[in-house]
Amino acid sequence: MQELGTGEAVARAKAIYDYGQTAIFASHVDPRLHMVLYVPPTAADGRKLDLLVAVHGTGRTSAIDFRDGFAEFGLYNDCAILCPIFPVGVLGDGARSGYKFLEEGNIRYDRVVIAMVEEMAEKYRQDWSKFAMFGFSGGGHFTHRFAILHPDKLWAASIGAPGSVTLLDPTRDWWVGIRDLEVRFGKSFQPEELAKVPVQMVVGDADLETWEITHKPGGKYYMEGANDAGTTRPQRLATLAQSFRDAGVDVTFDRIPGVSHDRIKVLGYVKTFLAKVQKDRRAK
């Protein structure tokens, strides 16, 4: 068997691990945290791509589901897919939900995602100064809170079935409201920037289980008002949609008939929304 030359081997490795459905990479800024991507092979020839950041739920395995589930969309819409992976118990305490609220111990997950995007933009020679974000369940938590804090980074946001929501309420502290946003995160709320972001909110109308989303006194994330947005995910998302609309945001609300808490069954709606936003954006 003829061995590959050094240049051929490097090219072969890049084709296998860096393009298409990629290997899992550690973040340079925080190697405890990882990412997996779909990168259309045309990027190797210099084709310019948009970027979608797709954020997993509590089980984390949806990072692979989203990478693969959006791959065809990415190929035909010139869009790379970046899926962060935030392991359970990254601080050694077994905690599952820290990333949903953007901060956990010494980790600022919003900043890590921005750093991941910048790292991959340099790697693939792309301009990803703005990107789209989608998340479902725990990823829906992350996505709407990221949008509140960093609307200037987004050209679209799709928020899928979060268990709890942060309303744009200046009379309540984080995470129920945004009164202490600047003190906590060093950034003030920018309603005029959020109003520029097309937002989709998507949930199944049969997504009605409440065992995991009802906050009780003594719970880690319990605070006054934690359950005020509603009992079920559809109710809470509808309350969030009204809060965003009251701030001037254009919200597309998709309540899908007969669907429970099923991330795969919402993807078609998300792709339709993103494709429309892409088309409008590129026409400008």
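I began with the charges: the mean positions of the 35 positive and 36 negative charges of the chain lie 1 Å apart, where Lys and Arg count as positive, Asp and Glu as negative, and His and the chain ends are not counted. Each charge I placed at NZ of Lys, CZ of Arg, CG of Asp or CD of Glu.

I note that this is a predicted model, in which local features need pLDDT of at least 70 and side-chain atom pairs count only at pLDDT 80 or more, while totals for chains, interfaces and linings use all residues. Residues are numbered from 1 along each chain as its sequence is written, and side-chain values use heavy atoms, with hydrogens and water left out.

Next I looked up the overall make-up and found nine helices and ten strands in the chain, these being DSSP runs (helices H or I, at least four residues; strands E, at least two) numbered from the N terminus. The C-alpha trace spans about 70 × 45 × 40 Å along its principal axes. Of the 284 residues, 53% count as buried, meaning under 20% relative accessible area with a 1.4 Å probe and protein chains only, whereas exposed is over 50% and partly exposed in between.

I then turned to helix H4, residues 109–124, whose 16 residues reach 22 Å from first C-alpha to last, close to the 22 Å expected at 1.5 Å a residue (1.5 Å times one less than the number of residues). Twelve of the 16 residues of H4 are buried, among them Tyr109, Asp110, Glu119 and Tyr124. After H4 comes Arg125, with a positive phi near 55°.
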